[in-house]
Amino acid sequence: MLGPLISSGMVVNENLDLRGTMVMWAIILLEIPTLTLLTVLYFTGNLGEDGWKVILFVAVIMIAAFTLLMNLRLRLRIDPYGLAFQNPPFLNRWKKISIPEIQSIEVKKSDGMLEYGGVGVRFSRKTTAYLFYTDHILIVQTAKKKYVFSTKKPQEVEAIIQSWKVSQSD
């Protein structure tokens, strides 16, 4: 029964990131005043002779943190065979979950922030959550772990889930 699903082209591809969100602006609004303050302290002599090392160290840490957060992404693909996801820069290979591995799956109207601890990737023993700024989450339960993904395409995801249920009942 999967043949008609494949030919109908039911595939959802999603790319989520933190670019242009309030996280990016919050980091910029924290970094610029901090570097400005350190520079003023250095030029007024309050950081000593080696104050430039402090400024350089803080600047490198800030640039690294900003770069990491701006490159943090979730790539999600849902097709007739199951679900696959990638989370660069941490998980660069696609992790695949086939339909038989999925014990339960649901799309829920929630941003997941309060339930799972905020924006970004959240790890615990039994749950891994990939949360970005969206209004819906996809909850996938397997035998080993529970996965939570943000989604901006809840209707499309729900349609594929329904097609899985139809193909399994046939």
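These legends go with a handful of close-up views of the structure. The model is predicted, so local features need pLDDT of at least 70 and side-chain atom pairs count only at pLDDT 80 or more, while totals for chains, interfaces and linings use all residues. Residues are numbered from 1 along each chain as its sequence is written, and side-chain values use heavy atoms, with hydrogens and water left out.

**View 1. The largest nonpolar core has 29 residues.** A nonpolar core here is a set of buried Ala, Val, Leu, Ile, Met, Phe, Trp, Tyr and Cys residues joined through side-chain atoms within 4.5 Å. Buried means under 20% relative accessible area, exposed means over 50%, and partly exposed is in between (1.4 Å probe, protein chains only). Ile 78, Leu 83, Phe 85, Leu 138, Val 140, Phe 149 and Trp 164 touch the most other members. Among the elements giving two or more residues to this core are strand E1 (12-17), helix H2 (22-43), strand E8 (136-142) and helix H5 (154-169). H5 gives the most, with four residues. Helices (H or I, at least four residues) and strands (E, at least two) are DSSP runs, numbered from the N terminus. Apart from this core lies another one, of six residues, including Tyr 116, Ala 129, Ile 137 and Val 148.

**View 2. Here are the neighbours of Phe 85.** Leaving out residues up to four places away in sequence, Phe 85 touches Leu 74, Arg 75, Leu 76, Leu 91, Arg 93, Trp 94, Lys 95, Ile 97, Tyr 130, Tyr 147 and Phe 149. Contact means heavy atoms within 4.5 Å.

**View 3. Helix H5 has 16 residues.** From its first C-alpha to its last, H5 reaches 23 Å, close to the 22 Å expected at 1.5 Å a residue; the expected span is 1.5 Å times one less than the number of residues. Pro 154, Val 157, Ile 160, Ile 161, Ser 163, Trp 164 and Ser 167 are buried in this helix.

View 4. Phe 66 is partly exposed, at 23% relative accessible area. Not counting residues up to four places away in sequence, Phe 66 touches Met 24, Ile 27, Ile 28 and Glu 31. Gly 48 is 18 residues from Phe 66 in sequence, and their C-alpha atoms are 28 Å apart in space.

**View 5. A search of the whole structure turns up two salt bridges.** The cut-off is a side-chain nitrogen of Lys or Arg within 4 Å of a carboxyl oxygen of Asp or Glu. Asp 79 pairs with Arg 77, the closest N and O atoms being 3.2 Å apart. Asp 79 is buried at 13% relative accessibility, whereas Arg 77 is partly exposed at 30%. In the Glu 115 and Lys 108 salt bridge, the closest N and O atoms are 3.1 Å apart. Glu 115 is partly exposed at 44%, and Lys 108 is partly exposed at 29%.

**View 6. Asn 15 sits in strand E1.** Asn 15 is exposed, with 61% relative accessible area. Leu 74 and Arg 75 touch Asn 15, not counting residues up to four places away in sequence. Asn 87 is 72 residues away along the chain, with 9.8 Å between the two C-alpha atoms.
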